[in-house]
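Hi everyone, thanks for coming.

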Amino acid sequence: MADRDTLRKHADLFDRMATTLGHDLEESALKGQLRIDEISDAVLACTGCSNPAHCSEWLGTRDTALQAPQYCRNRALLDRLHP
């Protein structure tokens, strides 16, 4: 299991990715589009990323994006949130 700092780092990456794609995770959960356990699972999936530094750099180079990078372990979940 990932340690607390790793979970925080990846929770931040997942939230930043969602925000960059125009999603508010809390609002999506309140609307029933996303379950809380899906958010937890997405953070855990993110901890398995082989290159989180690249993800952080990618997020740092843009304010918005239409889609997560191909390598994102949560791309399908984030694509599902598009209206």
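Before anything else, one term: when I say two residues are in contact, I mean that they have heavy atoms within 4.5 Å of each other. What we have here is a predicted model, where local features need pLDDT of at least 70, side-chain atom pairs count only at pLDDT 80 or more, and totals for chains, interfaces and linings use all residues. Residues are numbered from 1 along each chain as its sequence is written, and side-chain values use heavy atoms, with hydrogens and water left out.

Okay, the overall layout. The protein chain has 5 helices and 0 strands; here helices (H or I, at least four residues) and strands (E, at least two) are DSSP runs, numbered from the N terminus. The C-alpha trace spans about 30 × 30 × 15 Å along its principal axes. Take the contacts between residues at least 6 apart in sequence: 75% of them join residues at least 24 apart.

Now, what is on the inside? I call a residue buried under 20% relative accessible area, exposed over 50%, and partly exposed in between, using a 1.4 Å probe and protein chains only. By that count, 36% of the 83 residues are buried.

The largest nonpolar core has 20 residues, and Phe14, Met17, Leu25 and Leu78 have the most contacts inside it. H1, helix H3 (36-47), helix H4 (52-60) and helix H5 (75-80) each supply at least two residues of this core. By nonpolar core I mean a set of buried Ala, Val, Leu, Ile, Met, Phe, Trp, Tyr and Cys residues joined through side-chain atoms within 4.5 Å. In soluble globular proteins, nonpolar side chains tend to be buried together.

Which residues does phenylalanine 14 touch, leaving aside its neighbours within four places in sequence? They are Leu25, Ile39, Ala42, Val43, Asn74, Leu77 and Leu78.

Asparagine 74 from that list sits in the loop between H4 and H5. Is asparagine 74 buried or exposed? It counts as buried because its relative accessible area is 7%. Beyond four places in sequence, asparagine 74 is in contact with Phe14, Ala42, Ala45 and Cys46.

Last one: leucine 13, in helix H1 (residues 4-20). Leucine 13 has a relative accessible area of 5%, so it is buried. Not counting residues up to four places away, leucine 13 touches Cys46, Pro52, Cys55, Ser56 and Leu59. Leucine 13 and cysteine 46 are 33 residues apart in sequence, yet 8.0 Å apart in space, C-alpha to C-alpha.
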